[in-house]
Amino acid sequence: MSADLKRVELALAQINETLQRQSEDLRDLREQIKSLVLVATPVPVSVVIDPDCGYEWIGVHIQLDADTWSKIKAGEHIKIRGKGWVPDEDVGIDEEDDLFHWDHWEFNGGIGKPMKVTMICPHDEVEDLDDGIAYEGLLFRSFIQEVKDL
């Protein structure tokens with residue numbers, strides 16, 4: 001009986017050793033997979049979008065944080081009110097300025113998909129919102145600039 005017990009103990013010790021080696025191998029594989037995922041995952045970036053709005057709306061642009069930009073690129077429908085706009089950026093943004101306009105941005109699916117920028121002056125009574133459209137068309141890559149820090 002003692003010999004049988006020793007054989008069982010030896011077999012169990014070998015099984016235990018094999019399981020420990022396999023556990024270590026699995027840990028190593030998990031670490032390798034994590035490393036691969038990190039390398040393959042793009043680093044989120046912030047962007048400035050500067051569409052070609054034409055002469056009347058020169059300088060209309062918006063800065064988007066990495067999270068918002070990721071949602072837009074993923075195809076989400078996003079509406080954002082910008083920081084406002086005046087024709088002369090050197091005078092600063094002042095909501096009391098008669099030339100001040102709020103910039104409203106609508107993204108419909110990401111790069112190569114429709115986007116719209118509407119300008120609304122809080123000092124004017126607007127009868128037709130289409131009168132304030134600064135840009136309506138596709139979001140082109142040429143409009144997008146990645147930035148390091150926002």
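Strand S1, residues 46–49, is joined to S7 by four bridges, and the two run antiparallel. Keep in mind that this is a predicted model. To place yourself on that pairing, find valine 48, which stands opposite glutamine 145 in S7.

Those two strands belong to an open sheet of three strands, in the order S2-S1-S7, with antiparallel pairing. The edges are S2, residues 62–64, and S7, residues 144–147, and each of these pairs on one side only. On average, neighbouring strands in this sheet are turned by 25° against each other, direction ignored.

Next, what lies across the sheet strands S1, S2 and S7? That is helix H2, residues 66–73, which runs at about 95° to S2.

Side chains of opposite charge can pair when their charged atoms come close. Searching the whole structure gives four salt bridges, and I will show some of them.

One is in H2. Lysine 71 forms a salt bridge with aspartate 67, with 3.6 Å between the closest N and O atoms. Both residues lie in that helix, four residues apart, about one turn. Lysine 71 is partly exposed, at 33% relative accessible area.

Helix H1, residues 2–40, holds arginine 7 and aspartate 4. These two form a salt bridge as well, their closest N and O atoms being 2.3 Å apart. Their spacing in the helix is three residues, so about one helical turn separates them. Arginine 7 counts as exposed, at 54% relative accessibility, while aspartate 4 is partly exposed, at 37%.

Glutamate 31 counts as partly exposed, with 46% relative accessibility.

Last, the cysteines. A disulfide is a covalent bond between the sulfur atoms of two cysteines.

The cut-off for a disulfide is 2.5 Å between the sulfurs. Seen from cysteine 121, the closest cysteine sulfur is the one in cysteine 53.

Are these cysteines buried or exposed? Cysteine 53 counts as buried, at 12% relative accessibility, and cysteine 121 is buried too, at 4%.

Key: Residues numbered from 1 in each chain as written. Predicted model: local features only at pLDDT ≥ 70, side-chain atom pairs only at ≥ 80, totals over all residues. Heavy atoms only, no water. Buried < 20%, exposed > 50% of the residue type's maximum accessible area, 1.4 Å probe, protein only. Pairing = 2+ DSSP bridges. Axes fitted to C-alpha atoms, helices over the stretch in contact; angles between N-to-C directions. Contact = heavy atoms within 4.5 Å. Salt bridge = Lys/Arg side-chain N within 4 Å of Asp/Glu carboxyl O.
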